[in-house]
Structure formats: C-alpha cells, structure tokens
Amino acid sequence: MARVPGPPPLEGLRRQIERHRREKPARASNFVRETFCMERQAARDKAREWFDHWPKAAYWTEVESWRMLEGDRIEFTMRRLPSAD
C-alpha cells in the first residue's frame, strides 16, 4: 500500500505573509474619507457629486458627519469604500 504524504511545509507561506504585513501595514479603516467646508448650496452640490460618482449601493457612500458654521457654511465629511482603481 502506498504511503499517504503529509501536509506540505508552511514555512514559505508564513514568511510570505510576514513580508506582506511588513510592507503594507493594515489600515485603521477601509473607508476613504474627505472633509469639506463650503457654503450651503456648494456643500449640497458636492455631496450630490459624490453620490452620483460613487453610488451608495456599491460604495456605501454617506455623509459621515456635518456641522453648521458661521456665515451659512457647512463643514462635512464624506465617506465611501475605495474603488478598484
């Protein structure tokens, strides 16, 4: 009867994983964020531009936070998943 080979050595895979982790450390978040400070209408237009370019269904695009400033200005942060490019 033939001998059944054991599992392959994993040392090469272990080294490859360690090298990858050293070269590309993990990000704190997978989301891309950008903060803007604009007049109210410009802020609406910019948010619409984000939703048109990165649809919510595919990229989980959303206005993550916002606040009103003096002079009818809005500070807001847009968030989305990174694209493949």
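Student: Which residue of strand 3 stands opposite glutamate 34?
Tutor: Methionine 78. Strands here are DSSP runs of E, at least two residues, and helices are runs of H or I, at least four, both numbered from the N terminus.

Student: Is this an experimental or a predicted model?
Tutor: Predicted; local features need pLDDT of at least 70, side-chain atom pairs count only at pLDDT 80 or more, and totals for chains, interfaces and linings use all residues. Numbering starts from 1 along each chain as its sequence is written, and side-chain values use heavy atoms, with hydrogens and water left out.

Student: How many bridges join strand 1 to strand 3?
Tutor: Eight, and the two strands run antiparallel. Strand 3 covers residues 73–80. Pairing requires at least two DSSP bridges between strands.

Student: What's the strand order in the sheet?
Tutor: 1-3-2, in an open sheet of three strands with antiparallel pairing. Strand 1 (32–39) and strand 2 (62–69) are the edges, each pairing on one side only.

Student: Switching to charges. How many salt bridges?
Tutor: Nine. The rule is a side-chain nitrogen of Lys or Arg within 4 Å of a carboxyl oxygen of Asp or Glu.

Student: Which glutamate pairs with arginine 79?
Tutor: Glutamate 62, with the closest N and O atoms 3.2 Å apart. Arginine 79 counts as buried at 16%, while glutamate 62 is partly exposed at 26%.

Student: What network are those two in?
Tutor: A network of salt bridges linking Arg33, Glu62, Glu64 and Arg79.

Student: What about arginine 67, which residue does its side chain meet?
Tutor: Glutamate 75, in a salt bridge of 2.6 Å, N to O. Arginine 67 is partly exposed at 45%. Glutamate 75 is partly exposed too, at 26%.

Student: Off the sheet now. Where is isoleucine 17?
Tutor: In helix 1, residues 11–23. Isoleucine 17 has a relative accessible area of 37%, so it counts as partly exposed.

How values were computed
Buried < 20%, exposed > 50% of the residue type's maximum accessible area, 1.4 Å probe, protein only.
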